Amino acid sequence: MTVQLHAPRPLWLGLAATVLLTLSSFGAGAVRNRGGILHDLGLSFLSFGHARGLASVIYWIALFLLVTAWALLGRQLVEKQKSDLSQTGSSVGKHIVVWAAPLLFAGPLASRDVYSYLMQGAMLRDGFDPYNDGAAVNPGPYLLEVSHDWRNTTTPYGPLHLWTGEIITGLVGDNVTAGIVVYKLLSVLGFAGIIYAVPRIAQYLGGNPELALWISVANPVLILHLIGGMHNESVMVGLVSLGLLLSLRKRFVSGIALIAVAVSLKATAGIALPFVVWMMLRHYTALHDPVWRRQVALLVLGISAVVETILVIAAVTLASGSSWGWLTEITGNSKVVNPLALPTLVTDVLVSGVLGLADIDLTYNQVLTLTRTVGSVLMLAGLAVTWLVFRKTQRAAVHGIAAAYSVAFVANSVTLPWYYASLISLVGVGRPPMWVWKLATGGSVFIALGFAAGGNHQFYNLVWVLATGAVAWALTILVFPLGTRVSYPGNTPGGASANENAPQKARAQC
């Protein structure tokens, strides 16, 4: 008698995972230091001691189940892709909605940042300047929840971030729980924008809409950190995605405006703008136009994009009652140290290995300062090279945005998992080579498994790194076995088709 074992359906496996994540969030997550739902219910004991340890175990089990469900869904899509490339992501969209739904009721997961968001909004509400003062100047319920590392730190986020926090704290007062609920809803709104835009961008660029939605929005990194962690990347990436979709549809003024609004939330969004200029140049000029005409057009279009961006940010700054102080804080804070940032990884290797063997007497911070400086220079050079290389087609421009984000996050002084949401949202919308699909899959699994429910990372735990690296490799092979190819539809407006190489005389559509 032959016994056949069937893999669990990813829909239900993922649902079970997020239900468990939600349950674990109240015991092992970024729980309140004072008050909260557990306190009100007389169940505070669930957030410490053995109960917290049990919740942590549940969290890790749930996270492994989620990445497995995601990989199984990816495998299903790869197997069926040849039979139907006309889908716009409806099947994957159903999985995303079902998986994300339980997390609407979860407490903050894998980060305490949402408490800082509320604190910074309350500071603006109460007349303080978060660009000059740390949270400690404004004692109250919000300050009690802010991580001690950030209580004397200014914010690097833009005026829209502060304005949003001011509106929310003005609405809920000092009710921390209500503030978290509103931020959760805001995160879901941004997440919905990504769900809407990604398959449509992929469809326009001749990509595979369902696989694009799978590698991006169904990704456990985004589900955990954008919905569970409520990071402002959710709204930022949503705005950038919608702005790129409008730009691909030749509605450049509207597209740039949305991206500029995203910049006023977090400066990282600005990386996309220079590539939108390439899209504009491709629309307003033809390849056979004289070089001088294309250069003049590039100059004019670039200046117009910069002017519009400045005007939008200025309008947000004026409306928010904030200031331009965020420009001096844009590099963020150097307190965060983890090997997701290449300068930190290089420092770890040098200090623990090379310098020790060579008996060179340098402190960790001295080496880290040097590698971060070098990393910043390499990042600027890499961004410039990326912009020059990815310019010939609209698809190339979008690929260039993803490549630029890769350069920025790898070379940046500080990198955290949710930063990669900007890259992950675009990595599959065009026609990336197979190695990119595999790297994005394995990298996503590895990063998703890197942070504990309370926000502490595991990247200096060698056993954990090796184990999760093996899981990432195995799940990547499951999704993309040796010899697998991703299928795409025929020529489309955004690709290097014959139609795109023809002279373009279309007028602007704003």
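**From one loop to the spaces beyond**

Modeller: Lys250 lies in the loop between α11 and α12 (252–263), where helices are DSSP runs of H or I of at least four residues, numbered from the N terminus. This is a predicted model, in which local features need pLDDT of at least 70, side-chain atom pairs count only at pLDDT 80 or more, and totals for chains, interfaces and linings use all residues. Residues are numbered from 1 along each chain as its sequence is written, and side-chain values use heavy atoms, without hydrogens or water.

Lys250 has a positive phi near 70 degrees, although this residue is not a glycine. Most residues other than glycine have a negative phi. With a relative accessible area of 14%, Lys250 is buried (under 20%; exposed is over 50% and partly exposed lies in between, with a 1.4 Å probe and protein chains only).

Met230 sits in the loop that joins α10 (220–228) to α11 (233–248). The phi of Met230 is also positive, about 60 degrees, and Met230 is not a glycine either. Because its relative accessibility is 1%, Met230 counts as buried.

A search of the whole structure finds 2 cavities of 30 Å³ or more. On a 1 Å grid over the protein atoms alone, a cavity is a set of points where a 1.4 Å probe fits but cannot get out; a pocket is an open set with protein on both sides within 12 Å along at least five of seven lines; lining residues have an atom within 4 Å of a point. The second largest cavity holds about 40 Å³ of space, a volume being that filled by probe spheres on points joined across faces, edges and corners. Its lining consists of Val237, Val240, Ser241, Leu244, Tyr405, Ser422, Ser425 and Leu426. With 4 residues, α11 gives the most to the lining of this cavity.

The second largest pocket, in turn, contains about 850 Å³ of space. It is lined by 29 residues, and those closest to its centre are Ser406, Val410, Tyr420, Leu423 and Leu439. The most comes from α19, with 8 residues.

Helix α19 therefore deserves attention for its length as well: its 15 residues should span 21 Å at 1.5 Å a residue, and its end C-alpha atoms are 21 Å apart, which agrees (the expected span is 1.5 Å times one less than the number of residues). Buried residues of α19 include Met434, Trp437, Gly442 and Ile447. Among the elements covering the buried residues of α19 are α3 (49–80), α9 (209–216), α10, α18 and α20 (462–479).

His95 is placed in helix α4 and is buried, with a relative accessible area of 7%. Residues up to four places away in sequence aside, His95 touches Pro10, Leu11 and Leu73, contact meaning heavy atoms within 4.5 Å. From His95 to Arg249 the C-alpha distance is 28 Å, across 154 residues of sequence.

Technical notes. Helix = DSSP H or I, 4+ residues; strand = E, 2+ residues; numbered from the N terminus.
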